[in-house]
Amino acid sequence: MTNTIQILSIEKTGKESSLQKEHNNKSIKIIDGYFFSRNLDDQKFTKISKLISNDVSQTILTKKNVNKVLSSYCNFNWVVEIKFLPGVTDNIATTVKEIIKDNLKSSFKSFELGSTKIILIKGRKEDITKISKNEANPLIQTIKIYPFKQYLNNFKKNQFKIEKVKLPKKKYSKKEINLDISDYNLSLIGKLGIEENDKSRRGTLGLDLESLKTIRNYFSTIKRKPTDVEIETLAQTWSEHCKHKIFSAKIDDIQEGIFKKYIKGATEKIIQLRKDNFCVSLFTDNAGGIEFNKDWIICHKVETHNTPSALDPFGGAITGIVGVNRDCLGFGKGAKPIANTYAYYLADPNKKYQLYRQKNKDPMLPANFIAKGIISGVRVGGNCSGIPTPQGNVYFDDRFAGKPLVFCGTVGIIPKKIKGKLSHKKKANPGDIILMAGGRVGKDGIHGATFSSEELDPNSPVSAVQIGDPITQKKMSDVIIRELRDENLYSSITDNGAGGLSSSIGEMAKESGGFIVNLEKVPLKYNGLYPWEIWVSESQERMTLAVPPANVKKVINRFNARGVEATIIGKFIKKEKAIVKYNKTEILNLDMEFLHEGYPKLNLKTSFPKIKKEKKKIIKKSSLIDKLHKLLSSPNIVSKEFIATQYDHEVQATSIIKPLQGEGRVFGNATAIKPLFDDEKSIALSQAAYPQYAETNPYDMAGCSIDTAYKNLIVSGANSKKIAILDNFCWCSSDEPDRLYQLKEAAKACYDYAVAYQTPFISGKDSMFNDFKGFDKTGKSVKISIPPTLLISSIGVVDKISHLTKMTSDDGDILLVLGNTRNELRDSVYSKIIGYEKSKNPVVNSNDALRTYRNFEKANKLGIINSAIGIDLGGIGIAVTKMAIASKKGLTIDLKLKNKISVDQFLFSESQSRILVSLKKNKLANFKKIFKGSDYTIIGKCTGSDVVEFKDNKKIIRGKISDFAKSYKQNIKGL
Amino acid sequence: MNVLVLSGYGINCENETLHAFEVVGFKGKIVHINDLIQNPKQLNNYQVFAIPGGFSYGDDTGSGNAMAKKILTNLYDQLIDFSLKDKLIIGICNGCQILINLGLVPSLNKKDPEIAMIENKSGSYECRWVDVKVNNNKSPWLKNITILNLPVAHQEGQFMIPINLLKSIKANNLIGLQYINNHKKLAKGQFPFNPNGSKDDIAALTNQNGNVLAMMPHPERAFYHYHVPNWQNNTSKKFGDGYKIFMNAKKFFA
């Protein structure tokens, strides 16, 4: 009899070798453990072991063999046992349970099961502690360290334990909250949460005093006290995360707020000018939709998952990516996700920042742990879901030490019409059943929406962490997209993200009028959740559907046949009321109008910030080739190949411009997928952000982001009339007037450049408080704010395969730089690494830029361009080196041609709106005709040798391509 | 000519796999494993059984294991039957891992899985293009092919084979594909030519009849010329190398 199955891989696993390398210790072995809630007899033990292991590569440990098997490796002396905390999603355990149930059928009934990682080590106790810190996250896992002898003893005495969720047995009785209390006590409810009977607090609601007073007034008008569920629901619905109060607030003299004036305003202006059908669905749905061809719509959405990723990088990132996948599933009647995008803004993984959320305790996770966790989270989420992840980038800056930024995006595709009806239109009708499909509800992510709107401080709740289960979502997604949608079996659909059911049902009910929900019907992961917890839980992998009663049985059967749970939890009604019941007791009854629009509107003022004068740095004396190597190997320019190769970008067989380009595999600025087998049109994707320019000039920072994101698509071959953009503002301290000034300036630039380029904003999201308030290692209090970051994601249609460009040049090609190079080195990679003298930030002149882009587009369609790279970080110097590395062909660059600026300014300035192109010699005449009156410089040619050479009047400087490639492909330290 | 392409529980390459078969002339259907378990007789309508790539059960308990156990419990006899007829079976990537876990390949000792698919030597997921050479020309899937340029995308692509079994695999000529380097010679385990460290550079195995092929690379992702990296330098061909595998299936029944 035993209650544990422990499996050992005979050969060294990848995880073991990376641990061994990292800790310089060859004596590390990992065991996969499964702890059962009941004992297994010998027969069951053998049978189950066989089901979950492989005879060839693994050994099953038993009481009899454990000593002998393990001592054959070495004399281990310590054991680290890592288990999920009770209630945390344990995907492996779920799979094992399914295998056992399927195979043993009814002969083995109810049992609980937990998966465990057991690390055996020979080493000193200090080393063991270090390893355990690197391998586990105390927020979601328990870590036990004990001597190896005790481990053997546990084996003999059968003492391995699974920990179940032990929620106190509690009977819910309707709880009314008295708001007729002092302002101070009222504000405590907002900041710390509702007080329980035992005087403990539930956790922050993120409601300010004014909002609480508004709630008090509403209830005094309807002459009753609010219930706890009502207050929780209002907190979720009114959160900054859900309502974007700052973007919609009156700000200075802008009555309608910056979203209406600048973002939506730009799109409305563009639609008015364009008069075409390009924009299909904007701002109102889970994602923004544009026309792909006459029969298909594509949609795009980019989300951030910053705070969860700071607390649990892997969990935060995986839920970020599978969460934004659901935004596509929830676009219109359900779009199929066809590509993921990512952008990470991280602290230097090689540095130790040693930050604490509380004085001398509660440390922030190390920067490299955060970086690695985020990268793997998106890998597992994307790869397991079968959605290619071709497009992304990573940027490093110390100011992300307190909060990493994790942008996750998804592109989806949906036929324009389904059974004759427009697919992007949906409407929950009165009488429709509310169906919840997918995963079950637990305590995951409770207070996520209210808390991601607040700064990260000691009171940040731990249950705000969620873990994704991409397979459950994949199963659910397949049923929706392949079976239910095309038969028109439901009238509306949306995803459960921030705010859970309270948010998804609340939003959807706007279509019908109102809703009645019976919370006791919601399937739970474990018993003992309070109704308010069920209502706001952010457990993942769930969609909410509005299903006409006649179809309900069919829909549920279809889900069940594919191993997916689906449950009736209420119905939509005509009356504009939000009603929630729990075992027949009404615990929420609000007017829909108050629920959605009742929150007090903000009135914001801005003030001009002090701009720090950058100290003059001394330019480090080094040769040109040396500088090129330094820049190429700097973290923000160096190749991100190690991410591209671990993210499956080939699945769905759509990849047409890959993340790694040319024989020399250079990480590209844009990628493209061809989503339909029967249409040669492609979708080009790119993105850009310039947090490094933000503090000096937020207006031009935003201009640069839009220009780069747009330029990269033009360079890739997209049709300029079919490009749309998305805005993701990640700001800091958005209650401070100078930060709001920067925000207003950036938003104004969004309007100006989007209108100039005729690129509508189709979707966007903002995250306004990316600040860390805590302590350094000496116990001194610190605040670290991210630099304001505006990520612009661009999506465009490439009409023909032949329009897609490449970045590799051929022997004899002439090299040209399109656009103007100015002395714009301020805040550049060069100025950070080498130093700078007096210089400016890049400024985008949209007229000049558009002239270049239109001409480029024309020349490319005529086949005049042989290769092209958008010039960005590191300037011309880096662009030409990348071209040489990609094509493995030498180039010669003539430095005499620069005018009025120094060689370094010419080579490393980050002036915007420039493209490096190569042409076949015989195309030059045609090129000149097209580019008449436009700025361009012939800078050299492709020699086909193995060196890049730079010539001026006196000398020739050479660097070998293979050496440049080595610098460019260096590992990022700490990763 | 009909092909059944399996789906469900995290398999995710079914659409492009079916498309490849359709283009070369098959009629086909994507069938959810639960539907197949409900009605296994439908297998009689098909000549080809394809298990596409994906992440069935999220690779938990080892890639391909959980799905193999589901098939073992519910469909094993029918699948063995299928393999003994003049029919074809292909498992690609996760499909390959499932076939190996089922023991349908190499199927020298008919009872248990004889091989394990273990984690790549690099310890990380590898999505990259590789060159493979055909070793076993007698398999209908691989006839008249010499070298293929195909992408791999997997975390567990290393074939772990006991020495004695490897000997008989070689003696029976069951190695289907092997990774080669840029000089068209065996990669000899060298990364990135051999992306996972697989012994003897094995990228695919067949059963003794050659009608069952378990391959780690993805032919359906190298189907059209524009799938191939840097295709802009060579736009003369319509198809990529993966096409040849599907054409061979068609020729087998022609």
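This is a predicted model: local features need pLDDT of at least 70, side-chain atom pairs count only at pLDDT 80 or more; totals for chains, interfaces and linings use all residues.
Q: How do you know what confidence the predictor gives to chain A and to the complex?
A: Chain A has a mean pLDDT of 91, with 96% of its residues at 70 or more. Residues 457-462 of chain A fall below 50, and this stretch has 13 contacts in the model beyond near neighbours in sequence. For the complex, the predictor gives an ipTM of 0.97 and a pTM of 0.94.

Q: What makes residues of chain B count as being in contact with chain A?
A: The criterion is a pair of C-beta atoms, placed from the backbone, within 7 Å. In the model, 49 residues of chain B and 47 residues of chain A are in contact across the two chains. On the chain B side, the elements that give two or more residues are α1 (14-24), α3 (65-74), β5 (116-118), β6 (126-134) and β7 (147-154). The largest share, five residues, comes from α3(B). By class, this side of chain B has 18 nonpolar, 20 polar and 11 charged residues.

Q: Why does the span of helix α26 of chain A agree with its number of residues?
A: Helix α26(A) covers residues 737-757, which are 21 residues. At 1.5 Å a residue the helix should span 30 Å, and its end C-alpha atoms are 30 Å apart, so the two values agree. Just after α26(A), A:Gln758 takes a positive phi of about 60°.

Q: Why are the peptide bonds from B:Val105 to B:Pro106 and from B:Phe191 to B:Pro192 called cis?
A: Omega is near -5° for the bond from B:Val105 to B:Pro106 and near 0° for the bond from B:Phe191 to B:Pro192. Most peptide bonds are trans. B:Pro106 lies in the loop between α5 (94-102) and β5 of chain B, and B:Pro192 in the loop between β9 (175-180) and β10 (202-206) of chain B.

Q: How do you know how α14 and α15 of chain A pass each other?
A: The axes of α14(A), residues 313-329, and α15(A) come within 7 Å and cross at roughly 35°. The crossing is right-handed. Among the residues in this contact are A:Gly315, A:Gly316 and A:Ile318 of α14(A) and A:Gly373, A:Gly377 and A:Gly381 of α15(A).

Q: What makes up the contact of α15 with α17 in chain A?
A: A:Val380, A:Gly381, A:Cys384 and A:Ser385 in α15(A) meet A:Pro470, A:Ile471, A:Gln473 and A:Lys474 in α17(A). These residues divide into four nonpolar, three polar and one charged. Helices α15(A), residues 367-385, and α17(A), residues 470-484, pack at an angle of about 35° with their axes 9 Å apart. Their crossing is right-handed.

How values were computed. Residues are numbered from 1 along each chain as its sequence is written. Chains are lettered from A and ligands numbered from 1 in the order in which they are written. pLDDT is the predictor's confidence in each residue, from 0 to 100. Helices (H or I, at least four residues) and strands (E, at least two) are DSSP runs, numbered from the N terminus. Ala, Val, Leu, Ile, Met, Phe, Trp, Tyr, Cys and Pro count as nonpolar, Asp, Glu, Lys and Arg as charged, and the others, Gly among them, as polar. Axes are lines fitted to C-alpha atoms, for helices over the stretch in contact, and angles run from 0 to 180 degrees between N-to-C directions. A crossing is left-handed if the near helix is turned anticlockwise from the far one by less than a right angle, and right-handed if clockwise. The expected span of a helix is 1.5 Å times one less than its number of residues.
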